[in-house]
Amino acid sequence: MSTLAHARHVLAENPVTAVAFCLFALLVAAAIAGPSLVPYDPLASSDRALAPPSVQHWFGTDNLGRDVFSRVVVAARLDLGMAFAAMAIVFATGTVAGVAAGFLGGWTDRVIGRVTDTIMAFPLFVLAMGLVAAAGNTVANVIWATAIINFPIYARVARTEANIRREAGFVEAARLSGRGTLQVMICEILPNVLPIMMVQVSLTMGYAILNTAGLSFIGLGIRPPTAEWGIMVAEGAGYIVSGEWWIAFFPGLALMLAVFTFNLLGDGLRDIVDPRRRS
Amino acid sequence: MPQPPLLAIEHLAVEFRTRSGVVRALENVSFAIARGETVGVVGESGSGKSVTAYAVMRLLDPSARVTSGKIVFGGLDMLAADEATLAEMRGRELAMIFQNPRASLNPIRRVGDQIADVLRRHANLGARAAADRAVALLAEVGIPDPSRRARAYPFELSGGMCQRVGIAIALACRPALLIADEPTTGLDVTTQATIMDLVAELGAARGMATMLITHDLGLATERCDRVVVMHAGHVVEDAPTEALFARPRHPYTARLLAATPRPGVTLAGLSPIPGGLPDLRRDDLPPCRFAARCDRRRDDCLAGPLPLQIEGARRVACRHPL
Amino acid sequence: MVLGLVAQRLAAALPTLAGVVVVTFLLTRALPGDPAAYFAGPAATREAVEEIRRTLGLDQPLWLQFLDYLGDLARGDLGISITTGQPVLADLAQRLPASAELTLLGLAIAANFGVTMGVVAALRPGSWVDHLCRMIATAGVSLPTFFTGLLFVYVFYYVLGWAPAPLGRLDAFSSPPPHVTGFYLIDSALAGDGETFAAAAAQLALPALTLGIFALAPIARMTRGAMLAVMSSDFIRAARASGLARRTLVLRYALRNALLPVVTTLGMVLSFLLGANVLVEKVFAWPGIGSYAVEALIASDYAPVQGFVLTMGVLYVTLNLLIDLAYQAIDPRVRIEA
């Protein structure tokens, strides 16, 4: 059964995954086309500050009179973009490191193991804070920090997969046909490990979004007046006690939706790629 | 005047609801076990022997349904009894030992404590008394240095010793019936013999009846007073051991005997049974489920319900017995 | 023999601890930019920066700096906070009980409700508890902690008025009980001060609940999964065949076995919890080490941040060690085969 047909079959069986795909499409659409489609300029303040949700302003306005809906939609690009960038980095580095550790063993395995253990010795969010604090409070550093704290899990998954395949028949065949170790690693192991790593990306994308939003909530990375979900929640936090709930609520809801979508997507992808691991 | 049987299974039918359909695991299963009698239930894997045992204990999976029939144990209608009554019976009047002895014990609890748990539950013993009695039981089942071994965990014991512990637990309250579900399949040959000897000896001493479930016809004929042969959820033959061995009447029994290793016969001398068990999910299952594999099949074998031929102490479910 | 095992585990934790120390050292010294400027703060003059460089020995080779660092750590010198003017260690020690009380309470809530919910969901598949459990398990992983906290404040403080204003550990009218442990609940109980106890508990309710819900999801999910697996295992069936009472079966036989995998996930739960602690402290203006670090971070005051990361690292390694030992205590197979 081809992958596409199998994918269609799983989606048909599992409407929840189909819903997740739709939501994912919606999020990506918001990220790409959002800024050109929103009714108001996300950075433009007005004198209608702290207005509750209404027909003109679906999500209300914040303390500077900016339209919350426009800001939430536009922020999708930044939140998803940052998480995606972090995932891309860790996907590349983690996969290579893990495969090297699992396939080559010995010193490579020990060194990479030591690195991952050291990262995991800290509560991950705290380490991210420390990394950003040390390297400088910029968006790029937030992305790097998120990538670093996700590195261990990728390296570990890749290592396990490489380990399993190390003794596989096709690897032996490649070795016997005279291909060098590096070649075998790149041409045989890596392509086989990639689908599972893709699933891992989806599963941890949600966590990456929460992480970057959490860091910006405490003031790291994104600065005002940029529209980003975490910082919007932080800005709206002070107004909760006086009852203006919409400023923090809608960006928070968007965060939840995005994370939820990626979690469901990850589960669905896992079912497609490896039905044995169905939960 | 003959006593009523200890266990009477009458026309039992059990179905399992699975994703791929309804499995008719048992159909019209009937046999009885008298007090003190050892009955072997023999068949290939998938014949329904374990399902019958679990049905008697009322320990079937939630996906199972008893669609008809009756199970009467010691006068109690097991299918109508409530959970509280059943929990009283289990461990006290009827008990079970299992195929994988170590997996049937709580891995993180000392074996002495596990025996004591059953004693405190059914025999109303206090902690101290139960612990002492547990050690005594371990000695009875032939475990050396029982007071030390009582503090051992299952993973510290060999398979044979774990099965002895299982026997100790099962026999702790002197049940009237012991169901042994492939008790020696997972053990090596020497241990098999000693375990079976132990069960026979303890059973005889207590007048306990035993239902020995096994795929090994040789083992059954060695240890049992009577053998019930099952195939694909049906009872095909039910006879005293010697009679069955000397002169099998059902074609399946004959083929089973021919396939059973015995002294004097080389491997080449054994003949396998052709075909395999029918798919029990089909709703067009014939009344005789062996017919498709039988070389004595005649045209009228598939027509109408299967008659039960009764000859003295033997019952055969075949239209044209040997 | 038990001591030997403990010593063995301790020895295994030492390299990890060493890693923590090295990383926190590198975080401040081996990064782009001028470490002296970091420690001097944004408002420092050129001379002040040079002064700091000399005082902290930042002009020395890296390995010498590391030795100095180790010496400082041994003396308990984590630097001085620019914003408070106090030694960082003193600040951390003073604020740690607040964080500890909050996190422990959150963990207690999560463990209790999570395990109970997981057990009930496993015993009654398809029931409303089962569905609730699965919903919480999925939603709990998706919800940002700071968002849940704010939602709670809105609903329980603003709308319903049940909870007090999120202004810290005590309201404006109460004063802290005499210091014994630093845990207000314990200290006020020890002093027999019912009013302060109630006030402290009221302030603790929402933030602890926020943390609790966050950690509840993985615990409930793990317990449910583990219980389901255990309940369908051979030894449970055998135990039922012995007629053991349902209570004994579920609690003494099933749950104890199911808790083993749950304990192994506690390490990961703690990692999330300690991170979420920082966010919750910010939302509820809780005077713990998390908000201390955040405030210092915003003010570009880096010594407290480094001290905070180091403390959290050491704490986390220690807690993981305790979890490991607890697991060994529960599972005899690990204990005896080791």
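**View 1. The annotated stretch of chain A.** UniProt, in an unreviewed entry, lists residues 76-266 of chain A as "domain: ABC transmembrane type-1"; its positions are given in the numbering used here, feature names are shortened, and annotations may be inferred rather than shown by experiment. This is a predicted model, where local features need pLDDT of at least 70, side-chain atom pairs count only at pLDDT 80 or more, and totals for chains, interfaces and linings use all residues. Residues are numbered from 1 along each chain as its sequence is written, while chains are lettered from A and ligands numbered from 1 in the order in which they are written. Over residues 76-266, chain A is 85% helix and 0% strand, and the end C-alpha atoms sit 19 Å apart. Helices (H or I, at least four residues) and strands (E, at least two) are DSSP runs, numbered from the N terminus.

**View 2. Zooming in on A:Y207.** Look for this residue in helix α8 (residues 181-217) of chain A. A:Y207 counts as buried because it has 22 C-beta neighbours inside 10 Å; the cut-offs are 20 or more other C-beta atoms within 10 Å for buried, 12 or fewer for exposed, and partly exposed in between, with C-beta atoms placed from the backbone. From A:Y207 to A:G60 is 147 residues in sequence and 28 Å in space, C-alpha to C-alpha.

**View 3. Where chain A meets chain C.** Here 36 residues of chain A are in contact with 39 residues of chain C, contact meaning C-beta atoms, placed from the backbone, within 7 Å. On the chain A side, α4 (106-120), α5 (124-135), α8, α9 (229-240) and α10 (246-273) give two or more residues each. The largest share, 9 residues, comes from α5(A). By class, this side of chain A has 26 nonpolar, 9 polar and 1 charged; Ala, Val, Leu, Ile, Met, Phe, Trp, Tyr, Cys and Pro count as nonpolar, Asp, Glu, Lys and Arg as charged, and the others, Gly among them, as polar.

**View 4. Where chain B meets chain C.** This contact takes 25 residues from chain B and 18 from chain C. From chain B, α2 (83-89), β6 (94-97) and α3 each supply at least two residues, and α3(B) brings the largest share, with 4 residues. Sorted by class, the chain B side holds 15 nonpolar, 5 polar and 5 charged residues.

**View 5. The open sheet of chain B.** Its 8 strands run in the order β6-β7-β8-β3-β9-β10-β12-β11, with mixed pairing; two strands pair if DSSP finds at least two bridges between them. At the edges are β6 and β11 (309-311), each pairing on one side only. Strand β6(B) pairs with β7 (residues 177-181) of chain B in the parallel sense over 4 bridges, and B:I97 stands opposite B:A180 in β7(B). Another parallel pair, β3 (residues 38-42) and β9 (residues 226-231) of chain B, is joined by 4 bridges, with B:V39 opposite B:R226 in β9(B).

**View 6. Both faces of β6(B).** In a regular strand the side chains alternate between the two faces of the sheet. Which residues of β6(B) are buried on each side? B:L94 and B:M96 are on one side, B:A95 and B:I97 on the other, and all are buried.

How values were computed
Contact = placed C-beta atoms within 7 Å.
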